Amino acid sequence: MSKRIIGKDFKKVDARDKVTGKALYTRDIYFDDMLYMKVKRAPFPHAYLRKLNTDKAESLAGVVKIITAEDYPDLNKYGLIYKDQPVLIGIGEKMHYMGDPLAIVIAETEETAKRACELIEVEVEELEVVTDPLQALKKDAPVIHEELSGLLTDRLDKKLNPANILCDHYLEKGNVEEGFARADKIFEREYKTQHIDQLPLQSEAGVGLYDEDTGTVKIWAATQWLHDTQADVAQSLGLPKEKIRIIQPTIGGAFGKKEDISVHIHLALAILATKRPVKFSYTRKGSMITQSKRHPLIIRHKTGVANDGFLTAWQTEVIGDVGAYASSSPAVVHKGLYHCTGPYNVANVRGVSYAVYTNNTFTGAMRGFGTAQMAFSYDSQMDLMAAELGIDPAHFRLQNAYEIGSSTPNGQILTRSVNVRKTIKEVLAMTEGGK
Amino acid sequence: MKKRGQGMATIMFGFGYGEGFPDHSIVSIEFEDESLLIRTAAADVGQGVLTVITQIAAEILKIDPDLIKISQGDTHLTKNSGSTSATRQTFFTGNAVKQAAEELLGKIYHYASLEFRSNHPELIVKDGHIFRHDDPENKLSYWQLAEIVSQKGEELKSEASFFPATDAPDAATGQADNVYVAYTFMTQKVEVEVDTVTGEVEVIEVNTAMDLGKAINPRNVEGQIEGGTVQGIGMALMEDQVIQNGITLNPDLTGYLVPTAMDSPHFKTSLIENEDADGPFGAKGVGEPSMIAAAPAVANAIHDAIGVRFYELPITPDKIKKALKDKIF
């Protein structure tokens with residue numbers, strides 16, 4: 001059936017407002033009597049907070065209020081999947097990375113709030129910093145979080161240090177030993193990827209107010225999942241969900257960075273404490289240091305292939321740098337693992353992945369969610385195998401690519417919409433025409 | 001010397017949360033003044049979900065898309081649409097809108113058939129109106145019909161939830177029958193030019209074929225592929241947030257390099273539309289798969305150009321110069 005609108009280059013419905021400047025982004029929203037806030041962050045990536053003196057900051061003209069953990073002792077930790085991130089670090093508690101919040105400063109202007117942050121005096125007891133997940137996995141590594149993760153399985157390798165592991169995942173399909181025994185060539189390689197910032201044009205910002213009539217905190221902040229953010233803010237503050245209302249302004253890009261809580265809880269606290277409208281904007285620098293990154297992954301592949309060009313076994317180990325807090329890590333690292341063979345048929349697969357805490361900025365969601373790093377590794381692996389076997393790389397891919405009935409590393413049988421071979425043939429047709 | 005090379009990569013991406021997590025989107029549609037209001041909390045981060053659902057509703061309900069309004073996302077006025085992540089909005093919210101629109105269309109036929117003392121096969125909907133095929137002049141607009149329905153104490157509106165189930169993988173083996181709702185596939189072949197003196201890599205041309213079921217909006221899909229590929233080129237060649245001993249050394253756009261329009265290659269894109277997936281009109285998600293082939297394709301092309309394989313990203317000019325030096329001694 002022919003369609004009138006589906007499949008057509010229909011103009012984006014929000015294009016006109018964005019191009020003409022009519023679209024309202026968070027920072028475009030103003031209220032009378034609005035206050036501004038900033039957060040004082042950790043001065044050291046791994047340390048106990050010993051003293052926090054806000055006297056000088058409080059005496060600065062224009063400072064309205066400073067909030068520390070002492071003022072709200074009952075706040076709950078937050079996080080997208082596993083709630084391990086504190087709202088404010090209290091005296092005697094530990095900071096785990098440079099973005100950890102020590103105090104919320106509310107002032108008449110943004111500049112005053114910033115200057116007041118600089119006047120807050122902090123004393124810490126420095127601890128050894130762990131930035132390499134391989135070091136964190138060792139038995140003698142400094143422990144980052146005192147509490148053992150609730151996500152660990154009983155399969156976890158006893159040689160590793162469970163204290164610094166957030167979660168472990170496994171793949172076991174067919175029989176890899178038999179698969180490697182049938183291989184004519186075996187390739188073992190290690191791949192490494194880097195920390196990447198999602199870098200949406202718009203960095204984190206929120207503005208909000210207290211609605212006296214309903215006793216509701218109303219927040220305008222760009223977020224990728226309104227209802228999840230609402231739930232996390234509410235549980236963290238110990239309020240009913242209905243008392244937290246989040247409204248979506250026009251979003252200036254996200255790429256995964258706006259899945260996590262950023263301004264929301266601190267902003268809600270400032271609003272509740274002052275009962276006045278408050279605006280909170282991150283700088284680019286603040287955004288880069290405090291909010292999530294793409295995971296650096298260490299990926300080790302061992303792949304077996306027969307001389308006829310068919311893959312016989314695929315074994316993968318993944319070590320992901322979680323940084324200081326879980327964020328999306330309990331989903332990202334093993335999603336990478338689950339895509340370890342790419343779209344290629346392998347009957348025998350074994351895999352393991354570890355998400356490992358460090359004192360780096362926490363890692364979370366970013367477009368690709370672990371599979372971008374994995375694709376770099378598996379399709380480099382495919383390319384080097386093709387070269388070693390003397391097979392054309394396109395034909396090597398074509399020969400091994402999925403079709404209807406193929407089984408993924410998870411053992412999911414693909415029953416429909418598997419046209420990967422067609423994509424290879426199509427690209428060959430597109431490029432051969434230009435030769 | 002400048003050396004050219006070609007490289008390809010073929011990728012897959014299982015989309016939606018999958019793995020047994022409850023994943024759904026709720027949408028409602030109602031008539032309001034002169035327009036049709038779609039309520040959804042789906043976040044449009046620039047990818048175009050609001051455009052896609054406008055197209056879907058307009059297609060099903062046969063109305064002018066300019067008459068469609070979409071409510072602002074608001075936890076107190078819209079129901080959960082799930083996150084804009086996991087390449088899921090066209091599939092999940094798209095399907096929810098399609099279901100809600102179909103339910104509303106069914107109600108339009110039902111109530112109109114009472115007014116026209118007729119039955120469905122004798123009725124036609126066109127441009128936001130419904131009429132008997134043998135009496136096209138005597139027509140009711142949807143808004144007139146909504147008014148008639150409300151006078152009966154009933155409402156001409158609909159709500160739908162798209163909520164497919166997936167299976168949690170076994171903890172010990174990762175095995176399960178239905179881990180992700182569907183998979184998107186893509187192949188990219190790129191041509192690069194490597195400057196062996198400066199170590200700089202320029203991506204010249206990118207050819208892409210994507211298996212996406214159906215492009216609801218082909219230009220938006222091409223935008224996703226081009227933007228995603230440039231993001232992947234950034235990952236391959238330059239982006240690196242350096243954190244040393246817990247301290248971020250380059251927390252600004254002077255020290256953190258990201259591709260600009262000047263780094264953007266020439267694109268040729270082919271969309272493979274078999275309309276064979278469970279998304280609206282056979283569509284699959286494209287957001288994330290569009291970015292993940294670029295890094296391996298560029299790495300493979302660099303190998304083709306200079307004979308060096310890199311196992312660590314990003315492949316910076318320094319690494320290339322060092323590798324070429326090591327190769328010659």
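Modeller: In this predicted model, A:Ala306 is situated in the loop of chain A that runs between strand E13 (297-305) and strand E14 (311-323). A:Ala306 has 14 C-beta neighbours inside 10 Å and therefore counts as partly exposed; a residue needs 20 or more to be buried, and 12 or fewer to be exposed. Which residues does A:Ala306 touch, if those up to four places away in sequence are not counted? They are A:Arg182, A:Ala183, A:Asp184 and A:Thr312. A:Lys185 may be considered alongside them: 121 residues separate A:Ala306 from A:Lys185 along the chain, and yet their C-alpha atoms are separated by 6.4 Å.

This pairing of residues from separate parts of the sequence can be set beside a figure for the whole chain. If one takes the contacts in chain A between residues at least 6 apart in sequence, 77% of them join residues at least 24 apart. Chain A contains 12 helices and 15 strands, and its C-alpha atoms fill a box of roughly 75 × 65 × 40 Å along the principal axes. Of the 435 residues in chain A, 56% are buried.

Another loop of chain A contains A:Asp33, which is placed between helix H1 (15-20) and strand E1 (35-41). Is A:Asp33 buried or exposed? It has 9 C-beta neighbours inside 10 Å and so counts as exposed. As a general rule, most residues other than glycine have a negative phi, and most peptide bonds are trans.

B:Asn245 lies in the loop that links strand E11 (243-244) and strand E12 (247-248) of chain B, and with 12 C-beta neighbours inside 10 Å it counts as exposed. The peptide bond that joins B:Leu313 and B:Pro314 is cis, with omega about -5°. B:Pro314 belongs to the loop between H6 and helix H7 (317-328) of chain B.

From the loops we may turn to the packing of helices. Two packed helices are described by the angle between their axes and the distance between the axes. In chain A, helix H11 (residues 393-400) and helix H12 (residues 420-432) have axes that come within 9 Å and cross at roughly 160°. H11(A) is therefore roughly antiparallel to H12(A), and the crossing is left-handed. From H11(A), A:Ala394, A:Arg397 and A:Leu398 meet A:Arg421, A:Ile424 and A:Leu428 of H12(A). By class, this contact comprises four nonpolar, no polar and two charged residues.

How do two helices of chain B, H4 (residues 218-237) and H6 (residues 294-306), pack? Their axes are 7 Å apart, at an angle of about 55°, and the two helices are therefore oblique to each other. H4(B) passes H6(B) in a right-handed crossing. On the side of H4(B), the residues in contact include B:Gly232, B:Ile233 and B:Ala236, and on the side of H6(B) they include B:Val298 and B:Ala299. This contact of H4(B) with H6(B) has eight nonpolar, two polar and no charged residues. Elsewhere in helix H4 of chain B is B:Glu226, which is partly exposed because 17 other C-beta atoms lie within 10 Å. Its C-alpha atom is separated by 8.4 Å from that of B:Met291, a residue 65 positions apart from B:Glu226 along the chain.

Residues up to four places away in sequence aside, B:Val298 touches B:Gly7, B:Val190, B:Val192, B:Val203, B:Ile233, B:Ala236 and B:Leu237. It is among the residues with the most contacts inside the largest nonpolar core, together with A:Val105, B:Ala57 and B:Ile302. That core has 221 residues. In soluble globular proteins, nonpolar side chains tend to be buried together.

Finally, the two chains meet each other: 99 residues of chain B are in contact with 94 residues of chain A. The side of chain B that touches chain A is made up of 46 nonpolar, 36 polar and 17 charged residues.

Key:
Residues numbered from 1 in each chain as written. Chains lettered and ligands numbered in written order. Predicted model: local features only at pLDDT ≥ 70, side-chain atom pairs only at ≥ 80, totals over all residues. Axes fitted to C-alpha atoms, helices over the stretch in contact; angles between N-to-C directions. Helix = DSSP H or I, 4+ residues; strand = E, 2+ residues; numbered from the N terminus. Parallel < 35°, antiparallel > 145°, perpendicular 65-115°, else oblique. Left-handed = near helix turned anticlockwise from the far one by under 90°. Contact = placed C-beta atoms within 7 Å. Nonpolar A, V, L, I, M, F, W, Y, C, P; charged D, E, K, R; others polar. Core = buried A, V, L, I, M, F, W, Y, C linked by C-beta atoms within 7 Å.
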